[in-house]
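I am opening a notebook on a structure that is new to me, and I will write down each thing as I look it up.

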Amino acid sequence: MTQQLTQQPTDALVRTGEGLVSARCFSDPRVYDMERERLFTRSWLFVAHESEIPQPGDFVTRTMGEDPVLVTRGPDGVVRVLLNVCRHRARMLCSVDGGNASHFMCPYHGWTYSNTGELTGVPYFESYQGRLVKGEWGLQEAPHVDSYRGLIFACWDAAAPSLGDYLGSMKWTMDLIFGRADAFEVTGPPQRWVVDCNWKLGSGNFGGNLHHVPVTHGFTTALGLKATRSRRQSYYVTTRFGHIVSVGCHLDMPHPKPYLGLPRDLMPEYQRNLSPEQFSFMERIQTMAGTVFPNLSYLNTSSHRPSEWGAPPEKEVSFVTLRQWQPLGHDKMEMWSWGLVEKNASEEWKRDSKTCYQRTFGAAGVFEQDDPENWSEITRGLRGAMANRLWLHYGMGQTPSPAPDWPGPPPAYNTDRAMSEINERVFYQRWHEMLYGQPT
Ligand code: FES
Ligand SMILES: [Fe+2]
């Protein structure tokens, strides 16, 4: 393609109609500056799971884009998201991962704030001679904080839609995981590690890139770790604000029905919480992976207990992981990974589920080793001037077939006959709108 070597104008980094995305989306620090200014300040961003801060006074430190924040539960039980930056001289206020505190004292000069953000103490206060009004110098607070099915999100943009509107039809598929149980809980603090890659590579990969699996993760077949490989039917689902989901289902239903390796004793709970359509669809699901735009992904699949590798599929155990791709510049990100389990499951099942998560998608997980290597090699390959000029191909399945049997809100597409890159195109279309204010 001759167009692959042409210089591109700065305002056309995505050409959705042609299925093209500029390499500069992943490699240009000026593009990253725009993301920091226009995307991470205006999008709803995941900040914590409710089970991480259950009690008044509990807090965790997180980032929204590169802005450090405190996620606190105040004495009133309300969750607030506060910029973790002292209003005096901008020192980061709190450096620990989390805990329980009524107040935070800045280690530099001692300005002290309550966990609801008010400035409550200032050393040498009288020396300001009445010119410092404490009520005007509280911590910067995110105007929007809300949660959906235990997932807490925040947004800096006062004009943003509500979280419910923002998630929109994504809620139907999120409910298949986060809404099926009465409650989920984290299996522990998030695992974190730094990867030398652009953050969007994780978002796109987890929201709709099934065709990397046989190649990137081909070791499972090569080593015979999957004893039976049932035929699959997959759906790609897209939504208004760029959230994307892929769902892999059993086509030939194994017996007994797999239900994703979920605990049988929780079936009445799932049935009570889900609609009849959702519950009957759940029996076929093999894997669900989605991305809530821009940088939260989730995955629910199943794996064998360590002692049962190669056993039949019905022996597998379900696990859920949340994964957040936290930017650290255009060529580096911090990976945050949580394991989640159904709160009402037995302790034994929770332990097995956590083990399955850690062995596959934890920091040392066998699948987790594969993906970041691709992404960091992409980022390494794009350091040079010539590679920066490339258009990258996202054009597979430009007009995918609508899925007539998808039981949730449309649009959804079948990928069993023809694979498609529709989900990533929708993600980058939304990304372009956020940066440039116009569709591509
Ligand atoms: S920078 Fe925080 S008290 Fe001075
Ligand atoms: Fe992967």
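## Two helices

I began with a pair of helices in this predicted model: the axes of helix α5 (residues 200-208) and helix α13 (residues 422-436) come within 8 Å, and they cross at roughly 140°. I keep both values, because two packed helices are described by the angle between their axes and the distance between the axes. Angles over 145 degrees would count as roughly antiparallel, and I therefore note α5 and α13 as oblique to each other. As for the hand, α5 passes α13 in a right-handed crossing.

Which residues of α5 and α13 meet? On the side of α5 I listed S203, G204, G207 and G208, and on the side of α13 I listed N423, E424 and F427. Sorted by class, the contact of α5 with α13 has 1 nonpolar, 5 polar and 1 charged residues.

## Domains

I next looked up the domain assignment of the protein chain, which gives domain 1 as 45-159 and domain 2 as 169-436. The centres of domain 1 and domain 2, taken over C-alpha atoms, are separated by 32 Å. To the contact, domain 1 gives 12 residues and domain 2 gives 18 residues. For the side of domain 1 that touches domain 2, I wrote down 3 nonpolar, 5 polar and 4 charged residues.

## The sheet of 3 strands

I then followed an open sheet of 3 strands, which has the order β3-β12-β11 and antiparallel pairing. Which strands stand at the edges of this sheet? I found β3 (45-49) and β11 (144-148) there, each with a single partner strand, so one side of each is left without a neighbour in the sheet. From one strand to the next, the twist averages 30°.

Looking at one pair in detail, I noted that β11 and strand β12 (residues 151-155) pair in the antiparallel sense over 5 bridges. As an example of a bridge, S147 has I152 in β12 as its partner.

How many bridges join β5 and β6? I recorded 5 bridges between strand β5 (residues 67-73) and β6, which pair in the antiparallel sense. V69 has L83 in β6 as its bridge partner.

## Backbone details

I kept the last page for the backbone, with a reminder to myself that most residues other than glycine have a negative phi, and most peptide bonds are trans.

Where does A90 lie? I located A90 in the loop between β6 and β7, and I noted for A90 a positive phi of about 75°, although A90 is not a glycine.

F293 and P294 are joined by a cis peptide bond with omega of about 5°, and P294 lies in the loop between β17 (285-292) and β18 (296-303). The peptide bond from P410 to P411 is cis as well, with omega near 0°, and I placed P411 in the loop between β21 (391-393) and β22 (412-414).

Note on methods:
Residues are numbered from 1 along each chain as its sequence is written. Chains are lettered from A and ligands numbered from 1 in the order in which they are written. This is a predicted model: local features need pLDDT of at least 70, side-chain atom pairs count only at pLDDT 80 or more; totals for chains, interfaces and linings use all residues. Axes are lines fitted to C-alpha atoms, for helices over the stretch in contact, and angles run from 0 to 180 degrees between N-to-C directions. Helices (H or I, at least four residues) and strands (E, at least two) are DSSP runs, numbered from the N terminus. Angles under 35 degrees count as roughly parallel, over 145 as roughly antiparallel, 65 to 115 as roughly perpendicular and the rest as oblique. A crossing is left-handed if the near helix is turned anticlockwise from the far one by less than a right angle, and right-handed if clockwise. Two residues are in contact if their C-beta atoms, placed from the backbone, lie within 7 Å. Ala, Val, Leu, Ile, Met, Phe, Trp, Tyr, Cys and Pro count as nonpolar, Asp, Glu, Lys and Arg as charged, and the others, Gly among them, as polar. Two strands pair if DSSP finds at least two bridges between them. Domain bounds come from an automatic or database domain assignment.
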